[in-house]
Amino acid sequence: MRLFVAIALPEELRQRLAALQHGLPGARWVAPENLHLTLCFIGEVDRRQAQDLDAALAAIRGPRFSLSLAGLGYFGTETKLRSIWVGIDPCETLKRLQAKVAQAPRHADIAQSSSKFRPHVTLGRFKAKTGERHADFISRHALFRAAPFAVEDFVLFSSFLSQGGAIYRAEARYPLVRDPAGVTEPGGSEV
Ligand code: 2AM
């Protein structure tokens with residue numbers, strides 16, 4: 001199975017993001033129900049690795065916190081966009097959670113390439129050449145901002161490719177703690 005670990009977004013927020021998803025030629029927009037913030041891409045694993053990964057993720061302790069989506073950016077170049085995404089306000093608690101999640105594959109004997117965490121919510125992907133309309137879209141929405149939301153858990157998702165696109169299924173949810181004796185961390189905005 002193909003797995004990744006992510007923070008799911010509230011319905012209302014996904015609807016706000018979905019309202020941005022139009023007017024760009026060649027875009028493969030992410031289905032609104034699939035919009036998420038990836039903490040760690042795992043890739044293809046077997047059943048035993050998935051079980052070990054689940055155990056390692058379940059052992060993670062961290063506080064609840066609040067996150068705000070802000071800004072809009074892209075991967076690739078303006079003439080050859082790979083994706084357009086919404087960014088996240090800097091959050092130390094998120095960084096610490098991601099660092100813990102990124103350790104979990106090691107405990108499950110899953111090889112990982114180490115890449116810097118660049119938190120984002122992908123809105124759409126592109127294969128063909130991109131142009132002025134895309135550049136205009138990016139600058140028009142550069143100051144996008146949404147109300148903060150509470151992150152109360154993180155999720156192990158499986159991903160299947162179907163004819164209608166990717167189908168994500170929440171395989172397990174891992175709660176973060178509300179009143180974390182011993183896990184309250186400075187610098188975050190815990191809720
Ligand atoms: P993306 O949003 O930046 O494209 C499910 O596919 C999630 O895993 C997506 O959020 C995607 O990130 C991420 N993902 C898919 N393939 C990946 C890869 N090879 N390396 C890192 N992340 C990947």
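Mentor: Buried means under 20% relative accessible area, exposed over 50%, and partly exposed in between, with a 1.4 Å probe and protein chains only. The model is predicted, so local features need pLDDT of at least 70, side-chain atom pairs count only at pLDDT 80 or more, and totals for chains, interfaces and linings use all residues. Residues are numbered from 1 along each chain as its sequence is written, and side-chain values use heavy atoms, with hydrogens and water left out.

Trainee: Why is Asp-89 called partly exposed?

Mentor: Its relative accessible area is 25%, which lies between 20% and 50%, so Asp-89 is partly exposed.

Trainee: What makes Arg-145 and Asp-89 a salt bridge?

Mentor: A salt bridge is a side-chain nitrogen of Lys or Arg within 4 Å of a carboxyl oxygen of Asp or Glu. The closest N and O atoms of Arg-145 and Asp-89 are 2.6 Å apart, so the pair counts. It links distant parts of the chain, 56 residues apart.

Trainee: Why is Arg-140 called exposed?

Mentor: Its relative accessible area is 53%, and exposed means over 50%. Arg-140 also forms a salt bridge with Asp-136, at 3.3 Å between the closest N and O atoms.

How values were computed:
Helices (H or I, at least four residues) and strands (E, at least two) are DSSP runs, numbered from the N terminus.
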